[in-house]
Amino acid sequence: MNTSIQPKKKWYEHIPHAVVIIFLIIVFVTILSYIIPAGEFKRMLLDGRNRVIPNSYTTIPNTPIGFLDMFKAIPLGFKAAIEVMFVVFAGGIMFGIMERTKAIENAVGTFVKILGQERKYLAVVIMTFIYGALGVFVGYEHNIAMVPIAAVVALALGGDLLLAAGISVGAITIGFGLSPINPYTVGVGHKIAELPLFSGALLRSILCFSALSFLAFYNVRYLKKITENPEKSLGKGLNIDGISLSKPISAYKITTNNWLVISVFVIGLAAILYGVFNLKWYLNEISAVFLMVAVAAGIIGKMNTTVFSETLLKSVAYVAPGAFMVGFATTIKVLLEMGHISDTISFQLSELLKDLPLYVSAVGMALSQSFINFFIPSGSGQALATLPVMIPSGEVIGLTRQTTILAFQIGDGVSNLINPTLGGLIAMLSMCRVSIDRWFRFIFPVAITIFIFSTITLVIAVLTSYQ
C-alpha cells in the first residue's frame, strides 16, 4: 500500500496551460453574448479616429454567437492579427540569423566578462531600467527586437528565461503603460479631455519610477533565489538552445565580423525609430527592416544558402507557438465585435461608478478599466471607447479630468502585465520563449504590488485635486 503523501501544490501550479486559458475566455465571451444586452455608442470621426459621443449609448437587437461562429472567430482572429504575428516571425528570424553568426553571444559574453559575475545584480537593475526607458520613450511593440538580447544576458548571468522576461517584457510593459508621455493613452486622453498634452507629468513620473524600481528589486530577488536553489526556477524545461553561452566567460571577445553584424542591427534599429516617429511606420515596416537585417547578417556571416535557410526555419519553429497565441488571443476581440457587447460593458461600469463614494469611485474606475482592458486591449482604442463616457461621469462625482485619465492609465497599464488578450505581450514573451501561464506565475505578485502603489497614487490625486 502506497502511503506516501503528495506535496501540496502551490497556487500557481493550478494555472492551466495558455491555450486552455484563452479557449476558456473564448467560451466565456460566447456565453456573455447571450446574457449581456447588445448595445453601442454612436461614434464620430475625429482626426482619423472613431471617437465615442457621450450619452449616445443605445441598445440594439441581440446578436448571440452560435457554436459554429465561435469556432469561425478563431481563423478570423488569426486574419486580424497577421501583422503582429508576422513581426514575431520576422524578429525571430533576425535574431536566429544573428545568433548563428555568434555576434550576439560574443557581445553578451564580452559584456559579462567586463562587468564581472560579482556585479550581476547591478547588471539586472541597470537593464531593467534600460528596458523600462525603452517602454517610456519608444513604445511597446516597437521594442520587440530588443527582447531576445535580455534572454542571452539573463542566461549568461546565471538566471533563466523568466528573469529575461522580467527584465525586458516586464520593464517595457510597465514603462509603456505608466509612461507620463504615452501618446496612445495619456495623449489621446488629454485630447479627449481638452487638457494640455502630457500635463500632470510629475505624479505619473513618480509612479512609473516607483513601479520600475520595485520590478528591479523583484528581478534581483528572483535571481538570488534561483542562484541559491535552482529547483525554484520557474523556467525549468524551457528551450534555451541557441541563446545560452557555449563557452567560459573568459574566452569571449568580439571579432571584426561580429562588430559588422552588430552595426547592421543598430542601423536597422535607428531606421525603425526614425520611421516610427517621422514616417508613421508600424508593424509591417518593422518586419521588413528585421528581414533586411537578417539577410545582411547572413551575408556578413558568410552563410551559404543551405545554412541560412535551415537557420531561418529553425528560428521560425522557436517563435511559432508565440505567434500562434497572438492569433488565438485575437479571437476574443473578434467575438466581442460579433456579439456587440463591449460598449454595453463600458456603459454599465460607468453607470455603476456614479453611485460610489469619491475615493472608491477613483479606485473603482481603475479597476473597471482593468476589466475592460481584457476586452479592448488597445490603449488608444480603450481611451476612445471609454473616456468620453468616464470623464463626464468623473466630473459628476467630483473627480478632476486629470484624475480620471490617471485612473484610466493605471487600469490599462498595470493590467497589461497579466492580459492574455494583449497581442504585444504574447509576442514579446514568445521572443523569450516563455508561455503566458509561466509568466502569470512570475509576474502576478508584481502586478498586485504595483496596483497597490497605483491606488495610493490615485488617493493622492483625489486629495490634491490633481490637475
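**View 1. Tyr57 is buried, at 15% relative accessibility.** Buried means under 20% relative accessible area, exposed means over 50%, and partly exposed lies in between (1.4 Å probe, protein chains only). This is a predicted model: local features need pLDDT of at least 70, side-chain atom pairs count only at pLDDT 80 or more, and totals for chains, interfaces and linings use all residues. Residues are numbered from 1 along each chain as its sequence is written, and side-chain values use heavy atoms, with hydrogens and water left out.

**View 2. Phe41 and Phe347 form an edge-to-face pair.** By the ring rule, the count comes to 17 aromatic pairs. Rings of Phe, Tyr and Trp (its six-membered ring) pair if their centres lie within 6.5 Å; planes under 30 degrees apart are stacked, over 60 edge-to-face, and the rest tilted. Here the centres are 6.3 Å apart and the planes stand at 65°. Phe41 sits in the loop between strand E1 (39-40) and strand E2 (43-46), and Phe347 in helix H13 (residues 342-353), 306 residues apart. Helices (H or I, at least four residues) and strands (E, at least two) are DSSP runs, numbered from the N terminus. Phe41 is buried at 5% relative accessibility. Phe347 is partly exposed at 21%.

**View 3. Tyr57 and Phe347 are stacked.** Their centres lie 4.3 Å apart, with 10° between the planes. Tyr57 belongs to the loop between strand E3 (49-52) and strand E4 (58-59). Phe347 in helix H13 is 290 residues away from Tyr57.

**View 4. One aromatic cluster has seven named members: Phe214, Phe217, Tyr218, Tyr222, Trp439, Phe442 and Phe453.**

**View 5. Helices H5 and H9 pack at about 145°.** H5 covers residues 120-137 and H9 residues 201-228; their axes are 9 Å apart. Axes are lines fitted to C-alpha atoms, for helices over the stretch in contact, and angles run from 0 to 180 degrees between N-to-C directions. The contact (heavy atoms within 4.5 Å) includes Val124, Phe129 and Val136 of H5 and Phe209, Leu212 and Leu223 of H9.

**View 6. Two side chains lie over ring faces.** Lys247 is over the face of Tyr252, at 4.9 Å from the ring centre. Arg433 is over the face of Tyr318, at 3.8 Å from the ring centre. The rule asks for NZ of Lys or CZ of Arg within 6 Å of the ring centre and within 35 degrees of the ring normal.
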